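Visitor: I have a structure to look at and some questions about it. Can we put it up and go through it?

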Amino acid sequence: MDKLVKRAADDIGNAGNVAALTGAGISVESGIPPFRGKGGIWEKIDPMEFAHIDTFMRDPVKVWDVLLKDMKEIIDKAKPNAAHLGLAKLEKMNKLKTIITQNVDGLHQMAGNTDVIEFHGNFAWQKCMKCGNRCETGKVDLSRIPPKCKCGGMFRPECVFFGEMIPPDYLARSQQAAARCDVMLVIGTSALVQPASYIPVIAKENGAKVIEINPERTPLTSRVSDYLVKGKAGDVVTDILAAMESS
Ligand code: APR
């Protein structure tokens with residue numbers, strides 16, 4: 001058995017309170033492309049052009065056409081993979097208390113986790129920019145772009161665009177979860193986007209072990225994280241759970 005898998009299994013086994021910070025990498029095995037790196041969405045389109053609130057306000061048709069319509073189709077088809085299901089199992093084992101996710105795909109909740117902070121909002125709901133009415137994305141009529149509410153106002157996804165603030169209560173709850181955990185799992189994030197990438201620093205400063213799961217090194221590796229278990233999230237989480245069960 002990989003030494004670091006065993007070490008992670010022991011660290012989680014000894015912890016009373018585990019938290020996780022997840023990013024796009026955890027959903028790659030569910031068929032959702034990441035933002036950065038090989039096959040990443042931002043390799044094809046410029047996030048400042050297509051995912052910035054100013055662009056959305058100026059040209060919503062362009063943002064819906066190029067980014068949001070595709071996102072909806074991909075997310076609609078996606079199902080939780082072994083990593084999401086493994087985290088749900090860790091919650092049932094009373095280890096994992098909170099997931100802070102940068103993802104908007106809803107897969108952690110679909111897998112069965114109950115305390116999920118959607119740091120960058122979610123794509124499951126649309127909100128009318130005029131009257132505030134909310135509508136499930138699946139029920140929004142996309143035959144006309146941008147989709148409109150009954151009142152004539154434009155719908156926008158409940159995601160956080162670049163240039164927008166993280167909802168203050170999400171930020172506060174994430175900081176609390178990071179400060180009180182004994183172990184933080186950092187799975188599938190490039191840790192390049194603030195303030196999410198600061199969450200593991202808070203965990204570390206409050207005495208938690210920080211364990212990264214990622215096929216690649218990140219700016220957190222060796223500086224903030226205690227160690228990196230290299231590999232795909234689905235494989236590594238499955239191996240860690242197997243090691244916990246066999247010990
Ligand atoms: N398992 C685990 N990690 C993986 C896998 C996999 N199968 N495949 C790729 N990764 C890793 C990559 O090595 C990379 O470190 O996932 C990470 C994906 O990084 P990003 O695409 O930058 O995703 P994320 O960190 O979630 O991005 C943060 O940026 O544009 C925004 O709002 C968007 O929430 C997003 C934020």
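Guide: Start with two helices: α6 passes α10 in a left-handed crossing. Keep in mind that this is a predicted model.

Visitor: At what angle do α6 and α10 pack?

Guide: The angle is about 35°, and the axes are 7 Å apart. Helix α6 covers residues 82-92, and helix α10 covers residues 233-246.

Visitor: Which residues of α6 and α10 meet there?

Guide: On the α6 side they are Ala 82, Ala 83, Gly 86, Leu 87, Lys 89 and Leu 90. On the α10 side they are Ala 233, Gly 234, Val 237, Thr 238, Leu 241, Met 244 and Glu 245. By class, this contact of α6 with α10 has eight nonpolar, three polar and two charged residues.

Visitor: And α1 with α10, is that crossing left-handed or right-handed?

Guide: The crossing of α1 and α10 is right-handed. Helix α1 is residues 3-14, and its axis comes within 8 Å of the α10 axis, crossing at roughly 65°.

Visitor: Which residues of α1 and α10 meet?

Guide: From α1, Val 5, Ala 8, Ala 9, Ile 12 and Gly 13. From α10, they meet Asp 239, Ile 240, Ala 243 and Met 244. Seven residues of this contact are nonpolar, one is polar and one is charged. Met 244 is listed in the contact with α6 and also in the contact with α1.

Visitor: Change of topic, the ligand. How many residues are around the ligand, and which come nearest?

Guide: There are 21 residues around the ligand, and Phe 35, Arg 36, Trp 42, Thr 189 and Ser 190 come nearest.

Visitor: What does Ser 190 do with its polar side-chain atom?

Guide: That atom of Ser 190 lies 2.6 Å from an oxygen atom of the ligand. Backbone atoms come in too: a backbone N or O atom of Gln 102 is 3.2 Å from a ligand oxygen atom, and a polar backbone atom of Gly 25 is 3.4 Å from a ligand nitrogen atom.

Visitor: How much of the ligand does the protein cover?

Guide: On its own the ligand has 730 Å² of accessible area, and the protein covers 90% of that.

Visitor: Now the backbone. Where is the peptide bond from Ile 145 to Pro 146, and is it cis or trans?

Guide: That bond is cis, with omega near -5°. Pro 146 sits in the loop between β5 (134-136) and β6 (155-159).

Visitor: What about Gln 194 and Pro 195?

Guide: A cis peptide bond joins them, with omega about 0°. Pro 195 is in the loop between β7 (183-187) and α9 (199-205).

Visitor: Last one: is phi of Asn 94 positive or negative?

Guide: Positive, near 65°, and Asn 94 is not a glycine. Asn 94 lies in the loop between α6 and β2 (96-101).

Note on methods
Residues are numbered from 1 along each chain as its sequence is written. This is a predicted model: local features need pLDDT of at least 70, side-chain atom pairs count only at pLDDT 80 or more; totals for chains, interfaces and linings use all residues. Side-chain values use heavy atoms; hydrogens and water are left out. Axes are lines fitted to C-alpha atoms, for helices over the stretch in contact, and angles run from 0 to 180 degrees between N-to-C directions. Helices (H or I, at least four residues) and strands (E, at least two) are DSSP runs, numbered from the N terminus. A crossing is left-handed if the near helix is turned anticlockwise from the far one by less than a right angle, and right-handed if clockwise. Contact means heavy atoms within 4.5 Å. Ala, Val, Leu, Ile, Met, Phe, Trp, Tyr, Cys and Pro count as nonpolar, Asp, Glu, Lys and Arg as charged, and the others, Gly among them, as polar. A residue is near a molecule or strand if one of its heavy atoms lies within 4 Å of it. A polar contact is a pair of N or O atoms within 3.5 Å; within protein, one must be able to donate a hydrogen and the other to accept it, and residues adjacent in sequence count only if both atoms are side-chain atoms. Accessible areas come from the Shrake-Rupley method with a 1.4 Å probe; for residues, only the protein chains shown count as cover.
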